[in-house]
Amino acid sequence: MTHFQGHTYAMKKEMFPDFVEALKKEGMVVAPKSVGSDLLYMPIDNASEVDFSRIPLDDPKMYVFPMTEKIFTLKDEKVVPLLKSMKLVLLGMRPCDVAAFQCLNRFFGDYVEENGIRDPYVMDKMDDLTIVAFNCPHPKEHCFCSAMGTGPVATSGFDLSLTDLGDNYLVETRSERGEKIIQKLFLPTASSEEMVEREEIRKRCETEMNVDFNAEGIEKKIEKTVNAVAEKYAEKCIVCGGCNFYCPTCSCYNMSDVDRGTAVERIRFWDSCMLRGFTWLAGGTFERDAIGARMKQRLMHKLSYTVVHYGTLSCTGCGRCSQVCPSYIFMEDMVRDILRGG
Amino acid sequence: MSTNPYIPHLATIKEAKELTDDTKNLRIAFDDRKIRKSWTFKPGQFVEVSAFGFGEVPISIASSPTLQGCFELAIRNSGRVTSAFHSMEAGDKIGVRGPYGNWWPYDRLLGKDVTVIAGGIGLAACSNVLRYLIDKRSDYGELQLLYGAVIPDRLVFTDEYEKWREAGVDVNITVDQRVRDWKGNVGLVTQLFNEQPAPELEKVEIPSNAAVFVCGPAVMIHFCCLDLVKLGFNTEKIYVSLEGHMKCGVGKCGHCNIGPKYVCRDGPIFSHAQVEEIEGYKKTT
């Protein structure tokens with residue numbers, strides 16, 4: 001994706017069904033779809049099912065890193081890997097989630113130069129994935145992507161992106177794969193006016209987001225202030241792990257065996273560093289016993305350690321953890337406090 | 001090695017021996033002849049070992065790589081998976097992934113003195129290097145072992161101490177509590193060498209330029225390192241084998257992450273200087 005020179009096209013909204021049909025040729029199309037009052041990333045057949053009107057709370061991460069996944073089965077004294085992947089198109093991923101997928105890509109890929117280990121369960125799905133981003137016309141409550149440098153317009157990490165310009169979609173390509181899909185639709189190149197319009201939409205969205213901080217360089221400041229911030233917010237935390245389970249970059253997992261009688265299956269499932277048992281040692285001790293220590297781990301991992309590991313922050317400013325927290329602990333408040341000295 | 005890091009190789013327990021009432025020594029060989037021949041590790045590394053149906057745990061390899069065709073694990077019964085291993089006998093099938101992690105810096109210490117200090121089952125994480133150094137005895141200077149357990153019955157590898165002494169290792173054993181007819185040292189392992197000696201304990205002089213390898217319970221490691229530093233040992237020459245809750249062994253599951261390090265990938269062996277830095281990341285006050 002990195003060496004491809006992208007192009008920008010304009011697509012009349014009437015053509016959106018044709019666009020979806022073209023995507024369907026690339027694999028199963030998954031897009032935000034309204035189900036009751038929920039907006040979920042679900043397989044769709046028709047363009048009419050796609051709902052871009054709201055920002056989904058639902059996290060597309062589960063399509064590359066499912067909540068539970070079978071790793072292998074042991075049967076008749078043979079270990080059989082259960083690697084499952086299929087061609088998939090994620091349509092309508094928001095810029096924050098596109099950035100999150102870039103984090104997951106680096107983490108589960110061979111990011112360590114020496115002894116790099118590729119996680120085939122996640123990476124095979126990544127390889128089979130086509131990403132169609134949807135740039136945000138408006139923010140929702142708790143959005144702070146502009147402070148994290150990931151949005152509201154996606155600049156990389158996708159095959160195609162859409163920006164809603166009213167009657168048209170502005171379509172950007174960032175990969176050969178994306179370009180090939182768009183070639184079939186014979187779209188005109190976008191005009192300079194349309195590019196200006198996109199820039200205005202970005203500015204409008206940023207203004208509406210109204211974020212009063214910028215996290216650039218936070219990894220250099222965090223060590224001084226993180227202890228006080230972690231302690232302050234840990235007081236309110238009820239340790240439900242919701243922040244981790246809704247985070248698009250959280251990648252920690254646990255593994256366990258299920259005895260099916262004639263076979264044994266090893267499954268892996270999401271885990272949460274906020275839970276006490278996460279660091280439970282055989283002797284009965286805990287590496288991070290206090291809630292504050294666990295809150296610090298979560299903040300440090302997202303705002304410092306991944307910069308050391310693979311070069312970027314791993315909080316994208318999507319605001320999901322803030323949205324779901326029953327104790328009203330908001331990530332944007334913690335980031336702001338860290339930047340301003342606790 | 002398979003490119004899928006989560007798939008264990010099948011292996012068979014060749015011998016299961018009780019070391020103490022809560023620790024069992026398993027001698028293990030891979031079923032695949034090719035793997036059995038080519039598989040090797042460095043002293044200090046660990047494997048992820050599966051009791052199928054129960055789960056997987058990280059265990060330090062207790063044997064030396066000089067032992068060929070098989071390897072040994074000393075497993076303490078301390079949870080669901082380890083208790084499954086305790087009910088196993090010779091002939092039972094298990095799964096093995098690895099070896100993982102770094103190793104004791106024995107390869108950088110040719111001609112130097114090495115002291116191993118261990119507590120309880122911690123000896124199983126150092127016995128690998130001790131046995132290796134004994135097999136390469138002429139390549140090293142003075143070798144020394146300081147080992148302590150709570151009670152005599154909890155000492156592991158007891159039938160080897162004489163052999164180690166004969167091989168030229170200064171073996172020093174102590175127990176925390178006097179029990180029955182125990183005639184040896186009574187006192188903490190740190191009291192063997194620190195400045196608060198116990199009355200029933202013969203003091204040991206650690207060669208001042210020795211590299212010191214430490215493994216045991218967290219508290220023991222903590223005080224051991226403090227005392228060594230007090231005696232003037234350089235924090236870069238004290239090495240510690242840390243444990244961590246580890247599910248994957250390859251730096252992905254996230255459990256053993258402390259600071260920017262993963263114990264499984266960047267460790268389990270850290271210099272005391274590194275440990276001091278890591279400890280800071282655990283605290284908030």
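Here are some exercises on this two-chain model, each with a worked solution.

Keep in mind that this is a predicted model, where local features need pLDDT of at least 70, side-chain atom pairs count only at pLDDT 80 or more, and totals for chains, interfaces and linings use all residues. Residues are numbered from 1 along each chain as its sequence is written, while chains are lettered from A and ligands numbered from 1 in the order in which they are written.

**Exercise 1. Work out the strand order of the open sheet of seven strands in chain A, and find its edge strands.**

Step 1: Helices (H or I, at least four residues) and strands (E, at least two) are DSSP runs, numbered from the N terminus. Two strands pair if DSSP finds at least two bridges between them.

Step 2: Read across the sheet. The order is β1-β9-β8-β7-β6-β2-β3 in chain A, with mixed pairing.

Step 3: Look for strands that pair on one side only. Those are β1 (8-12) and β3 (38-43) of chain A.

Step 4: Six bridges link β2(A) (residues 28-35) to β3(A) in the antiparallel sense, and Val35(A) sits opposite Asp38(A).

Step 5: On average, neighbouring strands here are turned by 25° against each other, direction ignored. For angles, axes are lines fitted to C-alpha atoms (for helices over the stretch in contact), and values run from 0 to 180 degrees between N-to-C directions.

**Exercise 2. Find which strands of chain A helices α2(A) and α6(A) lie across.**

Step 1: Recall what touching means: two residues are in contact if their C-beta atoms, placed from the backbone, lie within 7 Å.

Step 2: Take α2(A) (residues 95-108). This helix lies across β6 (88-93) and β7 (129-134) of chain A, at about 150° to β7(A).

Step 3: Now α6(A) (residues 192-209). That one lies across β1, β8 (160-164) and β9 (168-173) of chain A, at about 95° to β9(A).

**Exercise 3. Trace the partners of β11(A).**

Step 1: Start with β4(A) (residues 68-75), which runs antiparallel to β11(A) (residues 263-270) and is joined to it by seven bridges. Glu69(A) faces Arg268(A) there.

Step 2: Go to β10(A) (residues 253-259), also antiparallel to β11(A) and joined by seven bridges. Here Met255(A) has Arg268(A) as its bridge partner.

Step 3: Inspect the turn. β10(A) and β11(A) make a hairpin with three residues between them, and Gly261(A) in the turn has a positive phi of about 85°.

**Exercise 4. Describe the open sheet of six strands in chain B and explain what sets its edges apart.**

Step 1: Its order is β4-β3-β6-β1-β2-β5 in chain B, with antiparallel pairing.

Step 2: β4 and β5 of chain B are at the edges with a single partner strand each, so one side of each has no neighbour in the sheet.

Step 3: Neighbouring strands are turned by 40° on average, direction ignored.

Step 4: For a close-up, six bridges join β2(B) (residues 23-30) to β5(B), with Leu26(B) opposite Leu73(B).

**Exercise 5. Is Leu145(B) buried or exposed?**

Step 1: Locate Leu145(B): it belongs to strand β8 (residues 143-149) of chain B.

Step 2: Apply the cut-offs. A residue is buried if 20 or more other C-beta atoms (placed from the backbone) lie within 10 Å of its own, exposed if 12 or fewer, and partly exposed in between. Leu145(B) has 23 other C-beta atoms within 10 Å, so it is buried.

Step 3: Beyond four places in sequence, its contacts include Val116(B), Leu130(B) and Trp164(B). Ile117(B) is 28 residues away in sequence, yet 5.9 Å away in space, C-alpha to C-alpha.

**Exercise 6. Identify which residues touch the most other members of the largest nonpolar core.**

Step 1: A nonpolar core is a set of buried Ala, Val, Leu, Ile, Met, Phe, Trp, Tyr and Cys residues joined through C-beta atoms within 7 Å.

Step 2: Among the 178 residues of the largest one, the answer is Val132(A), Val212(B), Val214(B) and Val240(B).

Step 3: Ask who contributes. α2(A) gives the largest share, nine residues.

Step 4: Follow Val212(B). Leaving out residues up to four places away in sequence, it touches several residues, including Thr115(B), Ile117(B) and Phe233(B).
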